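Dear colleague,

I am pleased to hand over the structure shown below. Please look through it alongside the notes that come after it.

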Amino acid sequence: MARLFINPHHRMGKISAEIQGHFSEHLGRCIYEGLFVGKDSAIPNVNGMRSDVVAALKKIKIPALRWPGGCFADEYHWKDGIGPVEKRKKMINTHWGGVLEDNSFGTHEFMELCRQLGCKSYVNGNVGSGTVQEMSEWVEYMTFDGVSPMADLRKANGSEEPWTVNYFGVGNENWGCGGNMLPDYYANLYRRYQTYVRNYDPKKPIFKIACGPNGDDYGWTDTVMERCFKCPENAHGFMDGLSLHYYTVPHNWENKGYALDFDEKDWYETLKKTLYMEELITRHTEIMDRHDKKKIVKLIVDEWGTWYNVEPGTNPGFLYQQNTIRDALVAGINLNIFNKHCDRVAMANIAQLVNVLQSPILTEGDKMVLTPTYHVFDMYKAHQNAELVESFVETETIGLEDNAKVPSLHESVSVDADGKVHITLVNLSAKDGRAIESVFADAAPASVKGEIVGGEIHEYNSFENQNQVHVRKFDSARIDGNKIKFEIPAASVLHLEVELGK
């Protein structure tokens with residue numbers, strides 16, 4: 001029997017709701033068909049936004065949405081996407097699939113989507129192919145409440161009041177698709193561009209995010225922190241956040257493996273690659289700590305998730321893949337890791353929201369499917385804005401090969417504003433359940449209820465069978481003094497809500 005130790009009295013920091021953020025790019029069928037169908041569509045919509053998708057995202061309390069990319073951001077010129085739709089510039093999406101981009105979804109549409117979702121906005125600016133003036137004018141267009149050319153243009157296009165831009169990314173993947181820059185060069189550009197991301201409303205300051213490293217490029221982090229953040233006792237540097245991108249690729253970039261066609265070896269290899277996120281965050285945090293001991297600059301993991309070969313028969317530039325129990329575990333492990341690093345990780349954005357990579361939602365015409373990943377987010381929403389508490393679980397090392405060994409269990413625990421304890425526990429074994437004894441320090445549980453996502457490792461939801469994987473009630477946990485005893489099934493993600501005695 002494995003023991004899970006929980007000290008609900010040792011609070012370790014607030015878990016930002018934005019850790020459960022999402023990402024939408026002009027890529028494949030994410031924006032068009034997935035989120036936006038236009039006002040004249042037969043698919044039920046409000047101002048062009050799919051009503052079914054919006055309702056599903058509101059249910060999981062989507063906290064923040066990143067747009068317009070991704071690689072698309074550094075070739076996006078925002079003025080192409082404003083004004084009368086019929087007059088907007090049409091272009092070829094050279095990054096993703098070589099398809100027509102008609103710019104019918106632009107700034108106004110994105111802000112309308114955020115309004116419907118009730119989420120914070122994260123806008124990614126164009127450094128790779130854009131100018132300082134272009135970025136400066138976009139910020140003015142979106143946020144300035146006064147008399148100016150850009151504010152007047154926004155009003156002429158139908159939005160009298162300015163919007164709130166909560167987060168602004170100054171470039172994306174500038175080490176790669178965003179310009180193939182070296183860190184010194186990008187750092188100098190960042191200092192310049194961010195100067196003109198002005199806070200027109202001091203009561204609503206924009207959180208500025210610098211382009212951070214690709215995976216384990218620790219030199220990039222060190223250089224950007226050195227050049228772009230200085231931390232005197234009471235002064236702020238040039239940046240509020242630094243991004244990090246890391247994808248779980250089971251095999252390698254040349255042959256990533258498939259979402260549905262995998263064996264038990266692939267299962268453990270995928271989970272091993274996922275757990276690497278822990279090392280990445282730890283090591284990048286150590287570098288950031290050298291420059292910023294007060295942890296003023298936050299780590300923003302704004303692209304993460306599984307990346308497989310596309311589904312056979314689909315456009316390779318659309319990055320469409322299915323989503324199984326394996327992806328549910330990848331989501332649970334990553335979200336647990338982010339929770340445990342909440343002192344530095346302030347936002348994360350899974351890639352991507354609909355129909356691309358590890359999507360919580362898939363659509364096909366007027367049909368919508370909620371994936372296993374969606375259901376994990378649904379369970380984990382209990383952690384949003386809760387306090388991380390000290391926890392530790394005893395594990396065994398499992399797996400089939402030495403280079404793909406993983407711990408048997410993975411957890412995080414928080415306490416919400418009402419004092420309820422939320423335990424999220426992942427069983428990484430493909431076949432074996434685990435008996436658990438949860439021990440509470442200086443506290444005794446008074447009640448417990450649970451919910452779980454799990455099953456045979458290949459199970460997924462299709463348009464023909466939309467409810468194969470779903471959140472199920474878990475009622476086998478029992479209280480024994482200051483302990484809770486239960487067995488977590490193989491290949492599952494569990495959420496327990498515990499009320500403590502007075």
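The notes below cover the pockets, the aromatic pairs and the charges placed over rings. Please keep in mind that this is a predicted model.

Pockets

Rolling a probe the size of a water molecule over the atoms shows where empty space is left. The largest pocket has a volume of about 410 Å³. Its lining consists of 26 residues, and those nearest the centre are Asn214, Tyr246, Tyr247, Trp253 and Trp307. Two elements each contribute two or more residues to this lining, namely strand S11 (241-248) and helix H7 (264-291). Sorted by class, the lining of the largest pocket comprises 14 nonpolar, 7 polar and 5 charged residues.

The second largest pocket has a volume of about 320 Å³. It is lined by 15 residues, with Lys39, Val85, Arg88, His108 and Glu109 closest to its centre. Helix H2 (residues 107-117) gives the most to this lining, with 3 residues. The classes here are 4 nonpolar, 7 polar and 4 charged residues.

Aromatic pairs

A pair of aromatic rings is described by the distance of the centres and the angle of the planes. Across the whole structure, 23 aromatic pairs are found. In one of them, the ring centres of Trp138 and Phe168 are 6.3 Å apart with the planes at 80°, so this pair is edge-to-face. The two residues come from distant parts of the chain, 30 residues apart: Trp138 belongs to helix H3 (residues 132-143) and Phe168 to strand S9 (residues 167-170). Trp138 counts as buried because its relative accessibility is 3%, and Phe168 is likewise buried, at 0%.

Helix H3 also takes part in a second pair, in which Tyr141 lies in H3 and Trp163 in the loop between helix H4 (149-156) and S9, 22 residues apart. The ring centres of Tyr141 and Trp163 are 6.4 Å apart and their planes stand at 45°, so the pair is tilted. Both of these residues are buried.

Charges over rings

Two arginines are placed over aromatic rings. Arg66 lies over the face of Phe23, 4.5 Å from the ring centre. Arg326 has its charged end over the ring of Phe262, at 3.9 Å from the centre.

With kind regards

Methods. Residues are numbered from 1 along each chain as its sequence is written. This is a predicted model: local features need pLDDT of at least 70, side-chain atom pairs count only at pLDDT 80 or more; totals for chains, interfaces and linings use all residues. Side-chain values use heavy atoms; hydrogens and water are left out. On a 1 Å grid over the protein atoms alone, a cavity is a set of points where a 1.4 Å probe fits but cannot get out, and a pocket is an open set with protein on both sides within 12 Å along at least five of seven lines; lining residues have an atom within 4 Å of a point. Grid points are joined across faces, edges and corners, and a volume is the space filled by probe spheres set on the points. Helices (H or I, at least four residues) and strands (E, at least two) are DSSP runs, numbered from the N terminus. Ala, Val, Leu, Ile, Met, Phe, Trp, Tyr, Cys and Pro count as nonpolar, Asp, Glu, Lys and Arg as charged, and the others, Gly among them, as polar. Rings of Phe, Tyr and Trp (its six-membered ring) pair if their centres lie within 6.5 Å; planes under 30 degrees apart count as stacked, over 60 as edge-to-face and the rest as tilted. Buried means under 20% relative accessible area, exposed over 50%, partly exposed in between (1.4 Å probe, protein chains only). A charge sits over a ring if NZ of Lys or CZ of Arg is within 6 Å of the ring centre and within 35 degrees of the ring normal.
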